[in-house]
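I opened this entry to keep track of what I looked up. The sequence and structure come first, then my notes.

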Amino acid sequence: MELKNYQKAVIRDLERYLEILMQTGSIETAYRRLWEEKHVPVGPGGMPRYQDLLPGVANVCLKVPTGGGKTFLAANAIEPIFHALGVMQQRVVVWLVPSDAILTQTLSALRNPAHPYRQKIDVAFNSRVEIYTKDQLLSATRFNISAITEQLSILVLSYDSFRGKKEQLKARQENSSLAQLAQALGTPTHPVEDADPTALLQIINQLRPVVIVDESHHARSTLSKQMLRDFNPRFVLDLTATPTKESNLISIVDAIHLRQENMVKLPVFVMNRNNQLDVLNNAVQMQSILEAQAMAEYRNGGCYIRPIVLFQAQPKGKEDAATFEKIRTILVKNGIPAEQIAIKTADINELKNADLLSPNCPIRFIITVNALKEGWDCPFAYILASLANRTSQVDVEQIVGRILRLPYTRKHPVPALNMSYVLTSSNDFNETVKGIIQGLNDAG
């Protein structure tokens with residue numbers, strides 16, 4: 001798997017920033033000069049000034065639209081960062097993710113020797129790579145001074161492992177399993193407040209990791225900033241499709257680049273229906289039509305595609321709310337086989353271990369609330385049928401993003417299979433989606 005042209009440009013931006021940083025020794029100067037080289041001023045009328053959220057530590061952001069391959073970019077960014085910083089030993093990466101869904105997905109990709117993400121990292125580090133979970137770190141499983149010195153260590157962790165109250169205690173408390181490693185690392189130069197010298201957080205702090213923050217717009221709270229400071233990072237790389245005002249952007253990818261590289265299904269068609277039942281029935285009908293077209297293409301030698309509908313249900317609470325249980329009941333009553341329906345919520349995960357891209361997988365309808373808002377990618381997801389009222393632009397953009405990835409990153413002979421579809425009966429949601437889609441259309 002090779003980098004797309006726009007992804008190569010992103011990595012070049014990162015490498016140039018690092019080059020200027022090493023030449024000048026100034027985080028802010030490197031940021032300003034990078035944009036000046038692109039003939040973009042920093043300040044009024046141009047890019048925002050650098051936000052020094054972590055004094056003394058470069059914290060920069062790559063803005064890549066949903067479907068643009070942020071995880072693959074992160075995998076390609078690790079080697080240039082360590083090379084520029086001159087780190088040859090104890091190369092540690094803290095790879096932070098905001099949810100269990102993204103955690104599972106990232107771990108699966110990075111641990112699979114056949115996956116393009118892991119293959120890229122293996123090539124860059126001569127296959128001397130170890131991927132750790134929080135539990136492995138707490139128990140010191142293959143996590144010792146020899147391993148850390150001789151390999152690239154990637155610690156895939158959720159935000160809440162270090163900023164949540166219960167999990168935060170685990171990360172800060174005394175840990176006899178890590179005592180030997182703590183002794184080998186010596187006295188901390190930057191002791192973490194309220195953390196035992198053998199605590200996992202203190203160990204990570206002493207290793208001075210490079211920190212990759214996936215969906216970094218979620219890491220802007222006071223607790224999140226303190227978490228990053230406690231890590232004592234060498235460098236922080238943010239990745240997001242929806243940066244905040246505090247994001248120090250060094251590379252920006254427009255939607256037009258994704259369309260040119262056949263990464264996304266565009267245009268997006270938004271259809272407003274009279275009520276929720278119409279949304280549900282139309283989604284089922286549309287799925288059937290798309291699948292018939294996909295199967296005809298497959299029989300003619302095309303790629304296998306099984307179009308999937310994402311039903312966004314309302315949270316429980318209201319008597320007439322379209323909750324996930326009610327949606328499943330209606331689908332089954334309308335003749336949809338139960339094995340074709342899966343629920344994915346914070347408490348229920350019927351997608352676990354399901355290979356949605358396999359011809360043997362029966363799933364055609366996925367019911368969620370917010371669990372698929374971020375970090376879940378399935379190119380077969382074509383239709384978003386929203387039975388919930390979502391007015392936040394960021395919220396809507398992330399939900400719509402779940403149906404944007406184009407299968408096999410190539411155009412298909414049937415035009416309908418190169419597009420994505422949104423069904424809604426909510427005027428607020430519809431207006432917000434219209435604004436986002438107009439922005440995508442303006443970008444090509």
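**First sheet**

I began with Lys-63, which stands opposite Ile-252 in β7. I note that this is a predicted model, in which local features need pLDDT of at least 70, side-chain atom pairs count only at pLDDT 80 or more, and totals for chains, interfaces and linings use all residues. Residues are numbered from 1 along each chain as its sequence is written, and side-chain values use heavy atoms, with hydrogens and water left out.

I looked up the strands next: helices (H or I, at least four residues) and strands (E, at least two) are DSSP runs, numbered from the N terminus. Strand β1 (residues 58–63) pairs with β7 in the parallel sense, over 3 bridges; two strands pair if DSSP finds at least two bridges between them.

How many strands form the open sheet that contains β3 and β7? I found 7, in the order β3-β4-β2-β5-β6-β1-β7, with parallel pairing. β3 (129–132) and β7 (249–252) are the edge strands, each pairing on one side only. On average, neighbouring strands here are turned by 20 degrees against each other, direction ignored. For such angles, axes are lines fitted to C-alpha atoms, for helices over the stretch in contact, and values run from 0 to 180 degrees between N-to-C directions.

I then checked the helices on this sheet. Helix α2 (residues 27–37) lies across β1 and β7 and runs at about 30 degrees to β7. Helix α4 (residues 100–111) also packs on the sheet, touching β2 (91–97), β3, β4 (152–158) and β5 (210–214), and its direction makes about 160 degrees with that of β4. Contact means heavy atoms within 4.5 Å.

I found another open sheet, of 6 strands, in the order β8-β13-β12-β9-β11-β10, with parallel pairing. β8 (268–272) and β10 (341–344) each have a single partner strand, so one side of each is left without a neighbour in the sheet. Inside the sheet, 5 bridges join β9 (residues 308–312) to β12 (residues 381–386), and Leu-310 has Leu-384 in β12 as its bridge partner.

Helix α14 lies across β8, β9, β11 (365–368), β12 and β13 (420–424), at about 170 degrees to β12. I picked out Ser-288, which is found in this helix (residues 276–299).

**Cores**

I looked for nonpolar cores, each a set of buried Ala, Val, Leu, Ile, Met, Phe, Trp, Tyr and Cys residues joined through side-chain atoms within 4.5 Å. The largest has 106 residues, and Tyr-17, Ile-78, Ile-154, Phe-235 and Phe-311 have the most contacts inside it. Leaving aside residues up to four places away in sequence, Tyr-17 touches several residues, among them Ile-27, Val-60, Phe-235 and Ile-250. A second, separate core of 36 residues includes Val-57 and Ala-199.

**Backbone**

Last, I checked the loops. A cis peptide bond joins Leu-266 and Pro-267, with omega about 5 degrees; Pro-267 is found in the loop between α13 (255–260) and β8. Gln-90, in the loop between α3 (70–85) and β2, has a positive phi near 50 degrees, and is not a glycine. Thr-409, in the loop between α16 (393–400) and β13, has a positive phi near 45 degrees.

Note on methods:
Buried means under 20% relative accessible area, exposed over 50%, partly exposed in between (1.4 Å probe, protein chains only).
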